[in-house]
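Hello,

Here is the structure I promised to hand over. Please look it over first, then read my notes below.

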Amino acid sequence: MNAPLPLKVAREAARGAYDTVASASNEVAGRLAQRLAAETTGEVLFSPADRGRYATDASIYQVMPVGVFVPRSTEHARIALDICRDLKVPIVPRGGGTSQCGQTVGAGLVIDFSKHVRGVLEVDAAARTVTVEPGIVLDHLNAQLKKSGLWYPVDVSTAAQATLGGMAGNNSCGSRSIAYGTMVHNVLGAQAWTSDGQLHTFGRFEDATGSARAMGERVRALAAALAPEIDAHWPKVLRRVGGYNLDVFRNQNEKPYTRDGSVNLAHLLVGSEGTLALMKSLTLQLSELPRAKVLGVVNFPTFYKAMDSAQHIVKLGSDGTLTAVELVDRTMIELSLQNPAFAPTVRSALIGEPDAVLLVEFAGADRTALLHKLRQLEELMGDLGLPHSVVLMPDEGPQKNLWEVRKAGLNIMMSLKGDGKPVSFIEDCAVPLQNLAEYTDALTQVFRKHGTRGTWYAHASVGTLHVRPILDMRRNGAPEMRAIAEEASALVRKYKGAYSGEHGDGLCRGEWIRWQFGPKIDQAFREIKQLFDPLGLLSPQRIVDPPRMDDTRLMRFPPAYRVIPLQPALDWSAWDVQNDPATERTTAPGTGGDPAGGFAKAVEMCNNNGHCRKFDAGTMCPSYRVTRDEQHLTRGRANTLRLALSGQLGPDGLASEAVRDALELCVSCKGCKRDCPTGVDMARMKIEFLAADRRKNGWSFKDRLIARLPEYAGTASRFAGLLNLRNRSGLLAALGEKLLGFSARRSLPEWQSAHFFNSGVRGASREEVLAAAKPVVLFVDTFNGYFESMNAQAAFEVLQAAGYTVHVASKAKPDGRHLCCGRTYLASGMVDEAKAKARELLDALLPFAERGIAVVGLEPSCLLSLRDEMTAMGFGAPAQVLARQSLLFEEFLAREAQAGKLDALRAQLKPLDQPLLVHGHCHQKAFGAVTPVLDVLKLIPGAQPQLIESSCCGMAGSFGYEAKHHAVSMQMAELSLLPAVRNAPDAVVVADGTSCRHQIHDGAQRPALHAAVVLARQL
Ligand SMILES: Cc1cc2nc3c(=O)[nH]c(=O)nc-3n(C[C@H](O)[C@H](O)[C@H](O)COP(=O)(O)OP(=O)(O)OC[C@H]3O[C@@H](n4cnc5c(N)ncnc54)[C@H](O)[C@@H]3O)c2cc1C
Ligand code: SF4
Ligand code: SF4
């Protein structure tokens, strides 16, 4: 290892390095990468795409790092620190990268703690403490703590992806901070390296020794010297996260930082945003999980009244049971009411048409006492002139639904199409509650003056209301943002608030620190930085010496941002729009000025919030769940596409190798289409990439074999016996892997010489079904027609048994071939061929759809492409007509059952006493079509189907059959699906997807049945 440089030289060099190292010194970057690779086994990611994926967080900023390092252990992090010090390369520590102010973007080496450095080191349930590594995600920690009845209560909205290191870095705050405080109130200690490589243990000041003690002494002296300044300038609110916590030695917070009034030096690191030390571990104070929760929803005639009442409502919490007072404004209410899934829940919480509601939650051990609090709330509202304004929700079910609605409302807001976006830069100013009404009113006027508006929501309990004015950062957004920020800051000052009350400083608010605290305290912050990081190595130019918030050179969409013109294969015009910031109305599709026909704007919908890093229920994102790689994450993919489409990854644009690598493990499950708050649909984007890539590089034999399956299936089925030999001969399987890349460890779908299409089942003619009283059209796809014809046969029987006149869909101009949706072509990027197939299907089915006759299909990925991709193929209104009538078999039956049309079928079904275990296909989940499967199975007397909480099965069309994907495919299946199947040995496993059935068969050696077969068996 090289000898360290003298301190002064190193400091100067590091400071200069920050701005120049990325561009000027390839040599430094090269040496850095080389040494990281030689001295650790961590992941060294220095490609332009890797750096680009770590150049952004959930803010508006983008700064290319020199490189990215993913340590496998804390020891690797220490070594990286030493190397960076030697080479004078700054360090930007990172957790989930969900910061909203640009805390994790910087030109140094980004160290990502989230992948490997995420252990729980020690739990002391009796003392209610836990020690963790910084990369652990809050939800994952709380899942582990649940069995001991404890939790870490700083419940940030990003709990599913935020790491404890990142939360400490930002001094994050949860919805229930009124009861539990913020991070600083719940951290007991930290082990951390300062940039000179020393490891310190930060904890109680009175117990501190050595250099930690010395640093503490110095900060204490600063606080003492600046006592009058601190008293005069420090915001006296719970939610103040700007600057360093100099006030640990002179508490200004509404809630003391420690329970016993002692000083804890770890609190200096909390909120320091990676600028003081690199955290190795954190010791946290846990709380008891509340045994009961009750909710009162207070309806207000005016927004002002809601804001004015918050100060009185919080007084009900003097006994510690008040855990949240959350605002939902009229816009949010209306957005939620537009969503049919949420409307009933929202209506159940409303009295008339309130302008705003406050969700008031009480939690604790004694349910009776909590119910009494609800009565007190009702009385209080009566006293405040609003009798009968509270909807009581004493039960957890409705409460959970309502919290979900509150979250979804934000998601709808964030999914606004067009270049104007709700921008977070003053969304967490905190003001004392007595000023909340005046402040929000005045800020609304500011928005109006600037031709925009804000939707208000969140933490009324602590005076921190989220609001994001809509700004177009590519055009005049930066000066607008600055102007609004300046006016907002004047209001914050007037109302004695904190400018940075939740999301931290970063690039966005650093320059307001001096404004907030005054020059003397700002100078003290500089001294603290100097004390901890004399080399200026850790996230330099943050908190101290920050850049201007509106420096467009640091932005993701600077004025020079351009998209490479591109003719997309699919229709993306719905995204090619602009919006009006005041009304949020969007212009007509195709008018947004996107040279990529809307594709680029669809990609740019990703705002980096990181929700795709979650591991909870839902599908998104299976490839991330097994790899934990930013590259194999929806966000990483969207960033790669954005960089490629805007020429930031070189001239190859969309067809570049970096895009291919990023999309390699995307299984096109559409989990993101459903779960991503802004609706990023990577499956559809992958089609666009495949089309561009294969146009440039050509299609392989395997691509053609997969794509043209529907063409040759009829002929091939005549040689079923011969072709199936591949599944019985190891030699043939090995040969298949060598020549075609299909894994020898897999069986391939079995060909059938007797299949549905030659079975003689014809069903009713076109004329008969058009004239029938109970008509239905059955669309039999390639897979259920040729490989698993029993499913098609079963569906036909069930529909007939239910009294329907069933027409089996056939070509308008018969040519001896079956109809096909084009799915296999899409999966291979042959979009023109897919369109030709889809066109035939549309021509054949439109006459029925136009008459309102349902078109029913069995394979989710085939049938649902009629509702999805087919509407983006340029077929206009007819495709929409067909989409509206296209239903999965169970969706159709569930609809008919609800209309009372299946009584005859129900009467015919024999009881079933075996357990039923249901796995939903990803596309079924994406289209909310899993519940109908359960509903329809419940038609069978005695059936109690259980849904497996699974992500993607991992097979995903041809993905899992490919040798290069076999391992990842099996890992995806092992996440939850296969263990659930194994744990229920007696159950009948139900899976509608052909690949899912195959994966279950391969992985658990159990048959899985289409729901149609389960129903048919009971006839
Ligand atoms: C939609 C949305 C909702 C949000 N809701 C909330 C909310 O309810 N409450 C809230 O407080 N915030 C919220 N945030 C902001 C953000 O999610 C939180 O601040 C979160 O705690 C950050 O966690 P992270 O793991 O992503 O940290 P990162 O963004 O990766 O890092 C945060 C800071 O910590 C530093 N850091 C990370 N690891 C280390 C380490 N080992 N050593 C030293 N420094 C380190 C980083 O350098 C950075 O300065 C929200 C963000 C979004 C996008
Ligand atoms: S893909 Fe969606 S969920 Fe993931 S970061 Fe982007 S916007 Fe968030
Ligand atoms: S389609 Fe599935 S695998 Fe691909 S990015 Fe979306 S969630 Fe991830």
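In strand E26, Val988 is the bridge partner of Leu916. Strands here are DSSP runs of at least two residues, and helices are H or I runs of at least four, numbered from the N terminus. This is a predicted model: local features need pLDDT of at least 70, side-chain atom pairs need 80 or more, and totals for chains, interfaces and linings use all residues. Residues are numbered from 1 along each chain, chains are lettered from A and ligands numbered from 1 in written order, and side-chain values use heavy atoms, without hydrogens and water.

**Strands**
Four bridges join E24 (residues 916–919) to E26, and the two run parallel. Strands pair if DSSP finds at least two bridges between them. E26 is also joined to E27 (residues 1008–1009), in parallel, by two bridges. There, Val989 stands opposite Ala1008.

**Ligand 1**
Ligand 1 is surrounded by 33 residues (a heavy atom within 4 Å). The closest are Pro93, Gly95, Thr98, Ser99 and Cys173. Helix H6 gives the largest share of this shell, five residues. Polar contacts are pairs of N or O atoms within 3.5 Å. The Ser99 side chain has an N or O atom 2.6 Å from a ligand 1 oxygen. A polar backbone atom of Ser157 is 3.0 Å from an oxygen of ligand 1. Glu502 places a polar side-chain atom 3.0 Å from a ligand 1 nitrogen.

**Ligand 2**
Residues around ligand 2 include Cys606, His611, Arg635 and Thr678.

Best wishes

Methods:
A polar contact is a pair of N or O atoms within 3.5 Å; within protein, one must be able to donate a hydrogen and the other to accept it, and residues adjacent in sequence count only if both atoms are side-chain atoms.
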